[in-house]
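User: I am new to this structure. Please walk me through it in short questions and answers.

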Amino acid sequence: MLSKTLVDEMNEQIMHELYSAYLYLSMSAHFEARNLVGFAHWMRIQAKEEVEHAMKFFDFINDRGEKVMLHAIEKPPAEFKSVTSIFEMALEHERKVTGRINHIYDIAVQEKDFASQAFLDWFVTEQVEEEKSALQIVETLKLVGEQGEALLILDQQLGEREEEEDED
Ligand code: FEO
């Protein structure tokens, strides 16, 4: 069974993952409004993956015989500045999520809950990828700038992002 502390933390994590989806969906809406359809597409896929992350916690809590309790989800920002600042915000957000995963992992280690540690391993690896992809886009934007052709080429590239196969 899961300890009460871990159930509470994992239930809270469902909210953080769904908030991530909300945040990226809001960013996607912003890009749509600016007619940057590639960036919008990238963020939309990102949002979808966040829902999948939330559902992994949802299923794990159920599988361990505990009850899922959903939290309120905060309203995400709707106004954004530059494209670079949006991806910097995404990177900053992912670093916070990494901190959350590490925090839950730490509790699982202290409690010698090996099943939770095995479950959380997937998230530890995933967070490396999440931070890496946001960082790469931030660095590219800083390199090429946000004007004219460079932005449109990047928009086209990000528009080619494909959905990941669910490994379950
Ligand atoms: Fe679910 Fe982007 O971390």
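User: Which pattern does the protein follow, read along the sequence?

Analyst: This is a predicted model, in which local features need pLDDT of at least 70, side-chain atom pairs count only at pLDDT 80 or more, and totals for chains, interfaces and linings use all residues. Residues are numbered from 1 along each chain as its sequence is written, and side-chain values use heavy atoms, with hydrogens and water left out. Helices (H or I, at least four residues) and strands (E, at least two) are DSSP runs, numbered from the N terminus. The protein has 5 helices and 0 strands, and the pattern reads α-α-α-α-α.

User: What radius of gyration does the protein have, and why does it agree with a compact globule?

Analyst: The radius is taken over C-alpha atoms, and the globule rule is 2.2 Å times the number of residues to the power 0.38. With 168 residues, that rule gives a value near 15 Å. The model agrees with it, at 17 Å.

User: What box do the C-alpha atoms fill?

Analyst: The box is taken along the principal axes. Its dimensions are roughly 55 × 25 × 25 Å.

User: What share of the residues counts as buried?

Analyst: Buried means under 20% relative accessible area, exposed over 50%, and partly exposed in between (1.4 Å probe, protein chains only). Among the 168 residues of the protein, the buried share is 45%.

User: Why does the span of α4 agree with its number of residues?

Analyst: Helix α4 covers residues 114-144, which is 31 residues. The expected span is 1.5 Å times one less than the number of residues, so α4 should span 45 Å. Its end C-alpha atoms agree with that, at 46 Å apart.

User: Where does α4 bend?

Analyst: The bend at a residue is the angle between axes fitted to the seven residues ending there and the seven starting there. In α4 that angle is about 30 degrees, and the place is Leu-120.

User: Which helices do the buried residues of α4 pack against?

Analyst: The buried residues of α4 include Phe-119, Leu-120, Phe-123, Ile-137, Val-138 and Leu-141. An α-helix has 3.6 residues a turn, so residues three or four places apart point the same way. The partners of the buried residues of α4 are α1 (4-33), α2 (37-63), α3 and α5 (148-158).

User: Which residue has a side-chain oxygen that reaches a backbone nitrogen at the start of α4?

Analyst: The backbone nitrogen belongs to Ala-115.

User: Which residue with a positive phi follows α4?

Analyst: Its phi is near 85 degrees. The residue is Gly-145.

User: Is His-93 buried or exposed?

Analyst: His-93 sits in helix α3 (residues 83-110). Its relative accessibility is 13%, so His-93 counts as buried.

User: Which residue makes a polar contact with the side chain of His-93?

Analyst: A polar contact is a pair of N or O atoms within 3.5 Å; within protein, one must be able to donate a hydrogen and the other to accept it, and residues adjacent in sequence count only if both atoms are side-chain atoms. Not counting residues up to four places away in sequence, His-93 touches Tyr-19, Ser-20, Leu-23 and Tyr-24. The polar contact, at 2.8 Å, is with the side chain of Ser-20.

User: Is Asn-35 buried or exposed?

Analyst: Asn-35 lies in the loop between α1 and α2. Its phi is positive, near 65 degrees, in a residue other than glycine. With a relative accessible area of 61%, Asn-35 is exposed.

User: What is the phi of Lys-112?

Analyst: Lys-112 belongs to the loop between α3 and α4. At 62% relative accessibility, Lys-112 counts as exposed. Its phi is positive in a residue other than glycine, near 55 degrees.

User: Which residues is Leu-154 in contact with, leaving aside its neighbours within four places in sequence?

Analyst: Leu-154 is placed in helix α5. Its relative accessible area is 7%, so Leu-154 is buried. Its contacts are Phe-39, Thr-140 and Leu-141.

Definitions and conventions
Contact = heavy atoms within 4.5 Å.
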